[in-house]
Amino acid sequence: MPDSPYDIEILNVTKQFGETKAVDNLTMRVERGKFYSFLGPSGCGKTTTLRMIAGFEQPTQGEIRIGGENVEGLPPYKRNVNTVFQHYALFPHMNVFDNVAYGLRQKKTPDAEIKTRVHEALQMVRLTGREKSFPKQMSGGQQQRVALARALVNRPQVLLLDEPLGALDLKLRKQMQLELKTLQTQVGITFIYVTHDQEEALTMSDYIAVMNAGRVLQLDKPMMIYERPATKFVADFIGESNFIKGRIASADSEYIQVEGDGMKIVAPARADLGVGREVLVAIRPERMLLSQIAIGDRPNTFAARIEEVVYSGSSTAYQVRVNENALLTIREASVGTDASKSDLKRGEAVYVHWEPATSRVLVE
Ligand SMILES: Nc1ncnc2c1ncn2[C@@H]1O[C@H](COP(=O)(O)OP(=O)(O)OP(=O)(O)O)[C@@H](O)[C@H]1O
Ligand SMILES: [Mg+2]
């Protein structure tokens, strides 16, 4: 078997369901021992990609390799991967021990080994002592942990997880996110995690593959996905962004000036984009600042008026009009009941400012 640094290689894979191209010429390599997420809107092909890795679907075109080996024609049970689904589908008439032991019994593993491995898997998911419980006696989070143990007990090379926390309430989901991440780091196996929840992907992943319409638009570390989105779709789907449409008016090696929506914006240079090019400048709302006094003639400073104030606990969003074409959203930490700072009200005249380095120039 070829020795590969990648656990999974997806090479020019397309999956067609009749007229629908669920996955469109996708190429991606998954490093050993890392936590990957597929993140994208409903119907973008996340589950289909996972099912092709697991062997439940066959690619229409292209090749999938696991551990360097082409797995074409290999049935799911012969692939060294296990899948955990959103609906954990435990056997209701079996207790926790028997649920977790099921796969090993099918493989005629000796009893003593089953005992050791089930014990070890339950320890990983912190369910030691619950061997005799039945699924209906456990919470959703605990049941999902049993499902995890049932997959981990097989010691797969790669664990595939398809929205495994989707059925849990927000608080439990957040707790399980941290637990899953810790577990992955401890056991060191590769996780491929499917979600349409951007915060979940940012929290847990070493790498995020942002998908849309059957393609991977960007594969990168969470911070790079957030700070350096490659396309408008990525900048829009992950977090919030202000977009200003314009044209490059001048450029040097360090900065470019973009004119658009009645503003002159300074942004970091992009060697591949020259004067005259139509671009989109993306700025995160939390990278913009509001003040009531003008701050000298710094770049990216505009007079504006507050149109809306939306308080949401830890932060407050301000909708600010610069001119009739430009309405920007600025997000700041809430000042609470501090009266000296609470006069940023609707109708107030203000200045908006952001550092050139926080602008991201994109092409549509
Ligand atoms: N068995 C199938 N037969 C026909 N079309 C399918 C089948 N499975 C998926 N599709 C289509 O392929 C596309 C991708 O579906 P997929 O389930 O991979 O999306 P997803 O990204 O997992 O979405 P979600 O977030 O809603 O789970 C969709 O248009 C879907 O309707
Ligand atoms: Mg899906």
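**Close-up views of a predicted model**

**View 1. Residue I8 and its surroundings.** I8 has its place in strand β1, which runs over residues 6-17. As in every view here, what you see comes from a predicted model. I8 counts as buried because 24 C-beta neighbours lie inside 10 Å, and the cut-off for that label is 20 or more. Setting aside neighbours within four places in sequence, I8 is in contact with V30, I53, I66 and V158. For a sense of scale, look for G140 as well: I8 and G140 are 132 residues apart in sequence, and their C-alpha atoms are 30 Å apart in space.

**View 2. The shell of residues around ligand 1.** Start with the residues around ligand 1: F17, T20, A22, G40, S42, G43, C44, G45, K46, T47, T48 and H196. Strand β2 (20-31) and helix α1 (46-54) each supply at least two residues of this shell. Which element gives the most to the shell around ligand 1? That is α1, with three residues. Sorted by class, the shell holds three nonpolar, eight polar and one charged residues.

View 3. I114, R117, V118, A121 and L122 are the buried residues to look for in α3. They cover an arc of only 135° around the axis, so they sit on the same side of α3. Where do the buried residues of α3 pack? Their partners are α2 (96-106) and α4 (140-152). On the face turned away from the buried side, α3 carries the exposed residues A112, E113, T116 and Q123. Following α3, you will meet R126, whose phi is positive, near 60°.

View 4. Stepping back to the whole chain, the domain assignment gives domain 1 (6-236) and domain 2 (240-362). The centres of domain 1 and domain 2, taken over C-alpha atoms, are separated by 39 Å. How many residues does each domain bring to the contact? Domain 1 gives six residues and domain 2 gives six residues. On the side of domain 1 that touches domain 2, the classes are two nonpolar, one polar and three charged residues.

Note on methods: Residues numbered from 1 in each chain as written. Chains lettered and ligands numbered in written order. Predicted model: local features only at pLDDT ≥ 70, side-chain atom pairs only at ≥ 80, totals over all residues. Near = placed C-beta within 6 Å. Helix = DSSP H or I, 4+ residues; strand = E, 2+ residues; numbered from the N terminus. Nonpolar A, V, L, I, M, F, W, Y, C, P; charged D, E, K, R; others polar. Buried ≥ 20, exposed ≤ 12 C-beta atoms within 10 Å, placed from the backbone. Arc of directions from axis to C-beta. Contact = placed C-beta atoms within 7 Å. Domains from an automatic or database assignment.
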